[in-house]
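Have the sequence and the model side by side as you read.

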Amino acid sequence: MWSFLSWLVAFLASLVLVAEASSERGLSIVPRSNPITVQLHSRATAYNGTSASLTSVSLSSDRQSYFALLQAGNISFRVALDTASSDLWLLSSECQTTTCKNTPRYPLTYQSPTFTPVNNNATTFNVQYADGTVASGFVARETVQIANIVLANQTLGVVTSSNVSLVDETSGVLGLGFPRLSSFSGLVANSGILDYPLFALSLTRNSSGSLSLGAIDSSVVTNTSLINWNRVAQFPPFGAENNVSSYLQWTIPLAAFSVNVSQLLPIPTYPNATSNRSLTLFDVGASGLYGPYQDVSRLYSLIDGARLVDAGGQWAVPCDTTVPLTFTFGTQNYTMQPSDYIIGPASGNPNLCLSWPRALPPSADGIDWQLGAAFLRTVYSIFSFGINGKEPPMIGLYLLQNATNIAEAPEYVASVLSSLSATVATTLPNFPLSTPTFSTPSYTLNASVTASVGAIVTTGLATSIYSPILGGQGTSVNASAMPTIVPTPSLVTLIVTNPAGEVTTSISTYSMAAVTLGVPPGWSGATNAHASFALLISSTIFIWTMLSLSNII
């Protein structure tokens, strides 16, 4: 009897301490060992209620990607933006690979009240990127919030293993592509909750960019009639996938490219399969510009002193190069100045600068060009998903600078590169490299199925509850109907009149709320430490009591 009572007392004491430590949520969270707090740069002034949002976008410290902030289960995470994929995924506490450690992770043991398993977490999730990195785990549902847009039961990939390189406490990827690319469904643009099924990007070299959902940023686009709209290209099915073409990637045909005033026509890799179109992918997840050797080599042949410097397709140009590059979509020219396309000087050859575009071998999906952040920083880009049965997907491009070919001074380019600390630690070969040749792989899609540009389809796009405003079947673009969103000002002007009638004006910075990445509400590193200490004490009491009982017996 005594032994049982002593054991019971010890057990109850441990339960009391555990309850004290766990408070109302239970000892279920395994937060990061070193959570960090960041400023919440979110601007959520809505258009027409709560169906549009705007949130800040920042360039990563390695200048390779852009990230934004979202909440999953009311836990804040940074996610890298990617228009060439369509899934949302987050690293979880079960991921113990090198790339996962010291990164904010979704705490599976937190038991979020809005987390819903799918097939008892047995539905696998796998994603692979062009650089060969992979992430894998399982599919689940969770409430996700981007600025003021809340998506209940949003499907996402919960990653338990990954070697995807992420920096700046970034915990996953937000794919903004078409449903056909996705491992699962449930995209915000297709749900009907936005003012219009689109998103838009304003990219800068710092943290002053923006991602808008459902509307366009009126602080950037001051005249919607100047947006140039381009219909997206369809892709045939993969093999025996089906016998219907559909929308796969954010690609539009490239009409021409130019160096200074010398214009060249692109040479498609698969002219028969693409109806002699050179398809260009707009990819915010890529840092630079990439094109086929047959085009890139001709482009650099028009720049004095340019030469191929490695077998990976990298070219270098004299650092005092002043000629602009121009890409033409439809009838509109989009010009990049040297400060836009020059990467930086080579440390071993300070008079030579690495440059975009880089040449790549043929891609079996028929995409010839890939324009990433270096190009997208020169425009405001709008991605409209299209409307089932009414309107095709479109990419809108709004020029942010003068489209004329006015040359930049070498001194200005040098000052920009210096401010970015853009020197590349490499020594270039002191002999010319010959342009490599490649055998063209077989076209990976079903070329017997016709794929057009801008076709109106009945499935796979946004719900038909929307009315088309971008030139649907039998309609023209109605620029005045485009929903816009006004960002919260970063500066606040205060005008105060005192009793004597004197007026004073002051300007202050708008304060941003702070959030801690990867930690559920109400929890912190200190909370976790208290819980761990309480568990340690309760365990010690229990063990000590049991040892005492054994001595008595």
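This is a predicted model: local features need pLDDT of at least 70, side-chain atom pairs count only at pLDDT 80 or more; totals for chains, interfaces and linings use all residues.

The partner of C100 is C95, and the two form a disulfide with their sulfur atoms 1.9 Å apart. C95 is buried too, its relative accessible area being 0%. If you like to check torsions, look along the S-S bond of C95 and C100: the angle there is about 65°, so this disulfide is right-handed.

Now move further along the sequence. Which residue does a disulfide join to C319? The partner is C353, and the S to S distance for this link is 2.1 Å. What does this pair tie together? C319 sits in the loop between strand 22 (315–318) and strand 23 (325–329), while C353 belongs to strand 26 (residues 349–355), so the bond connects parts that are 34 residues apart in sequence. The torsion about the S-S bond is 105° here, and the link of C319 and C353 is right-handed. Are these two cysteines buried or exposed? Both C319 and C353 are buried.

Number the bonded cysteines in order along the chain, and the disulfides follow the pattern 1-2, 3-4. To trace this on the model, start with the link between C95 and C100, then go on to the one that joins C319 to C353.

Technical notes
Residues are numbered from 1 along each chain as its sequence is written. Side-chain values use heavy atoms; hydrogens and water are left out. A disulfide is a pair of cysteine sulfur atoms within 2.5 Å. Buried means under 20% relative accessible area, exposed over 50%, partly exposed in between (1.4 Å probe, protein chains only). Helices (H or I, at least four residues) and strands (E, at least two) are DSSP runs, numbered from the N terminus.
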